[in-house]
Amino acid sequence: MNRNAKLPENEEGTVLFNIDPIIIKQHYEIDYIHSYAQDSPFFAGLAAGRLLGSRCAACDYTFATPRSHCMECGGTTDWVELPLHGRVHTWTTCYFGGEAFLKETPFTLILVEFDGVDTLFLSRLVGVEPGETEIGMQVKARFLRNAKFRATDVYFVPN
Ligand SMILES: [Zn+2]
């Protein structure tokens with residue numbers, strides 16, 4: 001028995017943001033393995049330079065952001081290839097963002113409208129200074145050359 005036993009300690013510090021209550025900085029990291037399941041074709045499409053939406057098999061309502069079932073009638077949908085050219089329906093400039101995008105602020109988000117498609121597609125507009133974006137502006141899709149299999153693999157530029 002050793003009544004003087006001690007855990008080993010190092011001399012690493014802790015970033016203290018506040019005292020009452022105590023707020024500290026603590027690194028947190030996790031690998032998250034998850035499935036895109038029925039959404040997989042959308043992300044595979046982005047990697048291949050294609051935008052895939054879905055169209056209701058019953059009423060033809062067409063979704064730019066794919067859905068497995070129709071919001072209008074509840075019918076099942078089929079995959080459909082979207083045009084790569086569209087128009088800015090509306091836009092906003094983000095001066096703040098989540099951790100992944102914070103270093104890229106300010107950036108512009110747009111809702112894209114496509115001919116023959118009933119819903120809008122949220123994406124990023126690149127190549128336009130904040131304040132230069134206009135409703136109705138013609139835009140075309142661009143894709144990351146090295147796909148990350150994320151929604152940000154596609155973005156838009158002025159056409
Ligand atoms: Zn429908």
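## Strand E9 and its partners

Arg87 stands opposite Gln138, a residue of strand E9. Strand E6, made up of residues 85-94, pairs with E9 in the antiparallel sense over three bridges, where pairing requires that DSSP find at least two bridges between two strands. Strands (E, at least two residues) are DSSP runs, numbered from the N terminus. E9 is also joined to E10 by five bridges, and these two strands likewise run antiparallel; here Phe143 has Val154 of E10 standing opposite.

The model is a predicted one, in which local features need pLDDT of at least 70 and side-chain atom pairs count only at pLDDT 80 or more, while totals for chains, interfaces and linings use all residues. Residues are numbered from 1 along each chain as its sequence is written, and side-chain values use heavy atoms, with hydrogens and water left out.

The two faces of strand E9, which covers residues 138-143, can be told apart: Val139, Ala141 and Phe143 form the covered face, whereas Gln138, Lys140 and Arg142 form the uncovered one.

## The three-stranded sheet

An open sheet of three strands has the order E4-E3-E5, and its pairing is antiparallel. The edge strands of this sheet are E4 and E5, each of which pairs on one side only. E3 and E5 run antiparallel and are joined by five bridges; within this pairing, Leu52 has Glu81 of E5 as its bridge partner, and Ser54 is partnered by Trp79, also in E5. On the other pairing, two bridges join E3 to E4, again with the strands running antiparallel, and the E4 partner of Arg55 is Thr62.

Four of the five residues of E3 are buried (under 20% relative accessible area), so this strand is largely enclosed by the rest of the structure. Thr62, whose place is in strand E4, also counts as buried, with a relative accessibility of 2%. The C-alpha atom of Thr62 is separated by 8.7 Å from that of Thr77, although the two residues are 15 residues apart along the chain. The hairpin of E3 and E4 has five residues between the strands, and in this hairpin Asp60 takes a positive phi near 70°.

## The zinc site

The zinc ion is coordinated through the SG atoms of Cys56, Cys59, Cys70 and Cys73, at 2.3 to 2.4 Å; donors are N, O and S atoms within 2.8 Å of the metal (3.2 Å for Na, K and Ca), and water is not among the atoms, so sites may look incomplete. The angles subtended by the four donor atoms run from 97 to 119°, which makes the arrangement around the zinc ion tetrahedral (all angles between 85 and 135 degrees). Along the sequence, the spacing of the donor residues is C-x2-C-x10-C-x2-C.

Conventions: Four donors count as tetrahedral if all angles lie between 85 and 135 degrees; four count as square planar and six as octahedral if opposite donors are over 155 degrees apart and all others between 65 and 115; anything else is irregular. Buried means under 20% relative accessible area, exposed over 50%, partly exposed in between (1.4 Å probe, protein chains only).
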